[in-house]
Amino acid sequence: MLEPLDLFSFRQYGISTTDDIAKANVPYSLHQAVTAGINPEYSQKDTRKDMEFWIAFRKSENLSNVWVDIPLNEPTNLEKHLHSEYIKNYGGGPITGTTGLLQTFFSRSRCSHWVIIGNSI
């Protein structure tokens, strides 16, 4: 497990608020996982749970705010659309077909566009 980070750990990078330290800790944790073999604090499993919550929230909203059970048992329309757009934009899938992504440049502007697309569904 990583040593707890405090206010002084990121000060040299201009990061000093509690929220910014928490945000900076995620990539720091991933770096430590790669370079030191330490399990990341925020894992793929945690990410999936967070994403599933927001996808279920959107599904509920699209169904006039009905209750949606988690875990989701099949891909939602939003997920299908995002996967389709991902393949169209990057040339490979985010889960399968990833070989097509090896030489792909991922820009933040494309990701921002996805959020807009996702919100319009």
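**Close-up 1. The side chain of E52 and the backbone of L72.** In this predicted model, a polar atom of the E52 side chain sits 2.6 Å from the backbone nitrogen of L72. E52 itself belongs to helix α2. Here is something to look for: which side chain of opposite charge is nearest to E52? It is that of R48, 4.2 Å away. A salt bridge needs a nitrogen-to-oxygen distance within 4 Å, and E52, although buried, has no salt bridge.

Close-up 2. How many salt bridges does a search of the whole structure find? The search finds four, and this view shows one of them, where the side chains of K23 and D19 meet with N and O 3.2 Å apart. Helix α1 covers residues 18-36, and the two partners are four residues apart in it, so about one helical turn separates K23 from D19. K23 is exposed, with a relative accessible area of 53%, while D19 is partly exposed at 48%.

Close-up 3. Is R58 buried or exposed? R58 is buried, with a relative accessible area of 16%, whereas E61 counts as partly exposed at 40% relative accessibility.

**Close-up 4. K88 and E85 in helix α3.** The closest N and O atoms of this salt bridge between K88 and E85 are 3.2 Å apart. Both residues lie in helix α3, where a spacing of three residues amounts to about one turn. K88 is exposed, with a relative accessible area of 61%; E85, in contrast, is buried at 12%.

**Close-up 5. The second largest pocket and its lining.** Take a look into the second largest pocket, which holds about 190 Å³ of space. Its lining is made up of I55, R58, K59, N62, L63, E74, P75, T76, N77, L78 and K80. Two elements each give two or more residues to this lining: α2 (44-62) and α3 (77-90). Which of the elements provides the largest share? That is α2, with four residues. Sorted by class, the lining has four nonpolar, three polar and four charged residues.

Definitions and conventions:
Residues are numbered from 1 along each chain as its sequence is written. This is a predicted model: local features need pLDDT of at least 70, side-chain atom pairs count only at pLDDT 80 or more; totals for chains, interfaces and linings use all residues. Side-chain values use heavy atoms; hydrogens and water are left out. On a 1 Å grid over the protein atoms alone, a cavity is a set of points where a 1.4 Å probe fits but cannot get out, and a pocket is an open set with protein on both sides within 12 Å along at least five of seven lines; lining residues have an atom within 4 Å of a point. Grid points are joined across faces, edges and corners, and a volume is the space filled by probe spheres set on the points. Ala, Val, Leu, Ile, Met, Phe, Trp, Tyr, Cys and Pro count as nonpolar, Asp, Glu, Lys and Arg as charged, and the others, Gly among them, as polar. Buried means under 20% relative accessible area, exposed over 50%, partly exposed in between (1.4 Å probe, protein chains only). Lys and Arg count as positive and Asp and Glu as negative; His and the chain ends are not counted. A polar contact is a pair of N or O atoms within 3.5 Å; within protein, one must be able to donate a hydrogen and the other to accept it, and residues adjacent in sequence count only if both atoms are side-chain atoms.
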